[in-house]
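Hello,

Here is the structure I promised to pass on to you. Please have a look at it first, and then read my notes below.

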Amino acid sequence: MFYTIDILGTIAFAISGVLVAINKKMDVFGILIIAFVTAVGGGTLRDLMIGDTPVSWMKDITYTYVILASAVFAIIFRSKINYLRTSLFLFDTIGIGLYTLVGIERGIQAELHPIICIALGTITASFGGVIRDVLCNEIPVIFRKEIYATACILGGITYFLLSEIPIQDNIVFIIAGIVVIVTRLLAVKFKIALPLIYKT
Amino acid sequence: MFYTIDILGTIAFAISGVLVAINKKMDVFGILIIAFVTAVGGGTLRDLMIGDTPVSWMKDITYTYVILASAVFAIIFRSKINYLRTSLFLFDTIGIGLYTLVGIERGIQAELHPIICIALGTITASFGGVIRDVLCNEIPVIFRKEIYATACILGGITYFLLSEIPIQDNIVFIIAGIVVIVTRLLAVKFKIALPLIYKT
Amino acid sequence: MFYTIDILGTIAFAISGVLVAINKKMDVFGILIIAFVTAVGGGTLRDLMIGDTPVSWMKDITYTYVILASAVFAIIFRSKINYLRTSLFLFDTIGIGLYTLVGIERGIQAELHPIICIALGTITASFGGVIRDVLCNEIPVIFRKEIYATACILGGITYFLLSEIPIQDNIVFIIAGIVVIVTRLLAVKFKIALPLIYKT
């Protein structure tokens, strides 16, 4: 089941990359690269920083096929993709929930401090989008106006708090994932954003 | 011979970095860094992702000398460099042909899937320019208007198709390199570019 | 003592990140990330390139606490931080002196060529700021107008020249650090900058 969610998240991330790249008037190759980077960038950075190489997407060709297929689909149906907006948003949100937890698990395996594990989870879930925005010459959107990383961090904290209690690992995993997902859904629904800090 | 071509490619990449950096009104240090990054950025990213560290340019000081010398030369003769434009373009094109194949070979050594090897070759040949453009605050030029990565990918496909046939490794290598070079030369000569994807 | 200087440098780098991020109208999360990246980005890049993973800040939680505390402090007192400008500049300058030497030592341990070690020291001291500027969608300031990397390079050269003479390692370390610091202080005081290279 995790694998299925992972693939759904990859699809959503790849498509979000395509839409941003089209807005930037890139050619087909540029669009494919941005789709790729958005989908695997966070996990690649995580793997590099903990020294787990070759990085994940290089060891499992499935990701490459899924990303290419999603990108081609999104390019062809770009004018219709609005109809899928809600589904994509859901995939994306479920994807970041899972990516956060995958990053945390990798941190635990590498015997890192819980706070570092949460950072690793947040990097896994959000830095694909950061690299996408940098390559598109924009200030990363998650630094400006979305409760995105915050959802990852709350999920990560939940994970470690629940780990103290004697309940099954699976249940901890699922609850923490739900915290990420619900936080983001509520934030978007009620237009909650982190405060901007103005010069005084 | 490969080493000679590698050095010629390094020279061409370093000089292209200098020219872009001067346009951005950088100081001498900035220009040197951009020359460096353009020349070794793609190979560095490749080495990091497959876990081959310290990265290549750190293990062979020759690259550093060649890049510094090329950059100083390009700074001094910047007003005359137009006369060298054709030579530089040839060096650059031969360089990407070779860099692509070096990346593919490294991927094969790391026992990666052929498609991943081709991606690795393309990254080796083209991401130096991507990092250069990001540091210069531009959307990477290869995402917008050049048959550059496409040439790398076609060369990579040729390489793996020919590997199925019982011919010598050297010949496979040379033919695949020629495919990269000829694709790019033809694309530039006949002004062929990948289609842009417009919003509909 | 080195550890204390390291922490002071981390504080100065984190606060400089906060100030840049506030100017870019980022939200709280974005500001924290920029503080983090400015403080640990150079060391992370160094660790990745020599293959020393998990990267340093992941193995010592102190850095995370120091950066978070510095960032919160800087956000709260952002209107008063001008009074600290001189102290911060001193911390920052001492920090780059130390970071340069830490990078060089790591290079020596990895048995790299002296020139590569100096490059590694310079990357450690200056690429946190480069990544900060890239994420803030600016051309990195050290490529344009500050004697910053140049100070690192001069300190590195001093280090290797003195290593040839039979004096204590500690003294070599201290003199080289002082060269970095004094070079930068003099450059700022007398408004010395590297020449810009104009098109001719």
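Let me start with P54(B), which sits in the loop between helix 2 (28-50) and helix 3 (56-59) of chain B. Helices here are DSSP runs of H or I with at least four residues, strands are runs of E with at least two, and both are numbered from the N terminus. The bond between T53(B) and P54(B) is a cis peptide bond, with omega about -10 degrees. In chain C, P54(C) likewise lies in the loop between helix 2 (28-50) and helix 3 (56-59), and the peptide bond from T53(C) to P54(C) is cis with omega near -10 degrees.

Before going on, a word on conventions. This is a predicted model, in which local features need pLDDT of at least 70 and side-chain atom pairs count only at pLDDT 80 or more, while totals for chains, interfaces and linings use all residues. Residues are numbered from 1 along each chain as its sequence is written, chains are lettered from A and ligands numbered from 1 in the order in which they are written, and side-chain values use heavy atoms, leaving out hydrogens and water.

K25(B), in the loop between helix 1 (2-23) and helix 2, has a positive phi near 55 degrees and is not a glycine. N137(B) is in the loop between helix 6 (114-135) and helix 7 (149-163); its phi is positive too, about 60 degrees, and again the residue is not a glycine. N137(B) counts as partly exposed, at 23% relative accessibility (buried means under 20% relative accessible area, exposed over 50%, partly exposed in between, with a 1.4 Å probe and protein chains only).

Now for chain A as a whole. Chain A has eight helices and zero strands, and 55% of its 200 residues count as buried. The C-alpha trace spans about 50 × 50 × 30 Å along its principal axes. Chain A exposes about 8,700 Å², with carbon and sulfur atoms supplying 68% of that area (Shrake-Rupley method, 1.4 Å probe; for residues, only the protein chains shown count as cover).

D169(A), in helix 8 (residues 169-189) of chain A, is exposed, with a relative accessible area of 65%. D169(A) is 17 residues from C152(A) in sequence and 18 Å from it in space, C-alpha to C-alpha. T93(C), in helix 5 (residues 85-109) of chain C, is buried, with a relative accessible area of 0%. Leaving aside residues up to four places away in sequence, T93(C) touches I181(C), R184(C) and L185(C), where contact means heavy atoms within 4.5 Å.

Finally, the interfaces. Chain B and chain C bury about 2,700 Å² between them, 73% of it on carbon and sulfur atoms (buried area is the accessible area, with a 1.4 Å probe, that two parts lose on being put together, summed over both). In chain B, D27(B), F29(B) and M58(B) lose the most area to chain C, together 25% of what that side buries. This contact takes 29 residues from chain B and 33 residues from chain C.

On the other interface, 33 residues of chain B are in contact with 29 residues of chain A. The area buried there is about 2,700 Å², of which carbon and sulfur atoms give 73%. On the chain B side, M49(B), F143(B) and I197(B) lose the most area to chain A, together 27% of what that side buries.

Best wishes
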